[in-house]
Amino acid sequence: MDENQPSKKSMSLNIVSSSAKSSKHKGFGAGAINLNNVSPIIIDHGEAKIDVGAMHAKSKVEKGIKFTTNREEVNGGRQVWLVWVAVDKLAEGVNYAGATACEMWINEEEKKGWKILAEHVNKLDYAIKRRIMLEGLGSEEKAALKKLLVAHNEEWWNQSSEEFKTALEG
């Protein structure tokens with residue numbers, strides 16, 4: 001590299017926490033994404049569980065699976081849902097504010113799976129923006145998600161919007 005040439009800064013994704021230290025940061029990319037108030041939930045076999053590994057596409061069901069974007073390559077298997085749930089911390093208290101669902105198919109015997117990673121990332125973004133997008137979830141999956149959210153914190157559930165609660169009915 002030529003010493004007279006200024007070095008280029010590499011572009012990178014900044015995940016910024018809401019701590020006092022980082023919130024004072026005023027540089028490039030400051031506040032780009034805050035994942036402190038988002039949780040990934042896996043719905044599999046009719047049961048919903050928080051699985052933080054899903055934040056990096058390493059949930060329990062994803063480990064050891066080779067994913068493809070071609071659905072036809074995954075014969076059989078089962079449908080698994082990743083749901084991003086965002087909470088709001090308001091003066092009135094905390095509530096569930098956004099939720100988006102992403103579909104996956106997993107065939108453990110063949111160690112193959114199908115998902116569209118770009119969709120998972122976009123749905124994470126929509127949940128952060130407090131959108132509610134649960135299309136595709138059946139009544140069993142919605143009931144499992146509701147059960148988990150109420151069990152996790154019933155006060156948060158009670159303070160959630162009617163739109164949020166209605167999205168998880170039937």
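**Salt bridges and positive phi values**

Modeller: In this predicted model, the side chains of Glu 162 and Lys 165 meet in a salt bridge, with 3.8 Å from N to O.

Colleague: Nice. Where do Glu 162 and Lys 165 sit?

Modeller: Both are in helix 5 (residues 162-167), three residues apart, so about one helical turn separates them.

Colleague: And is Lys 165 buried or exposed?

Modeller: Lys 165 is buried, with a relative accessible area of 15%, while Glu 162 is exposed at 55%.

Colleague: What about Glu 119 and Lys 123?

Modeller: They form a salt bridge too, the closest N and O atoms being 3.3 Å apart. Both lie in helix 2, four residues apart, about one turn of the helix. Glu 119 is partly exposed at 26% relative accessibility, whereas Lys 123 counts as buried at 12%.

Colleague: Switching to the backbone: what is phi for Arg 130?

Modeller: Near 65 degrees, a positive value in a residue other than glycine. Most residues other than glycine have a negative phi. Arg 130 is partly exposed, at 28%.

Colleague: And where is Lys 111?

Modeller: Lys 111 is in the loop between strand 5 (93-107) and strand 6 (112-114). Its phi is positive, about 55 degrees, although Lys 111 is not a glycine, and Lys 111 is exposed at 51%.

Definitions and conventions:
Residues numbered from 1 in each chain as written. Predicted model: local features only at pLDDT ≥ 70, side-chain atom pairs only at ≥ 80, totals over all residues. Heavy atoms only, no water. Helix = DSSP H or I, 4+ residues; strand = E, 2+ residues; numbered from the N terminus. Buried < 20%, exposed > 50% of the residue type's maximum accessible area, 1.4 Å probe, protein only. Salt bridge = Lys/Arg side-chain N within 4 Å of Asp/Glu carboxyl O.
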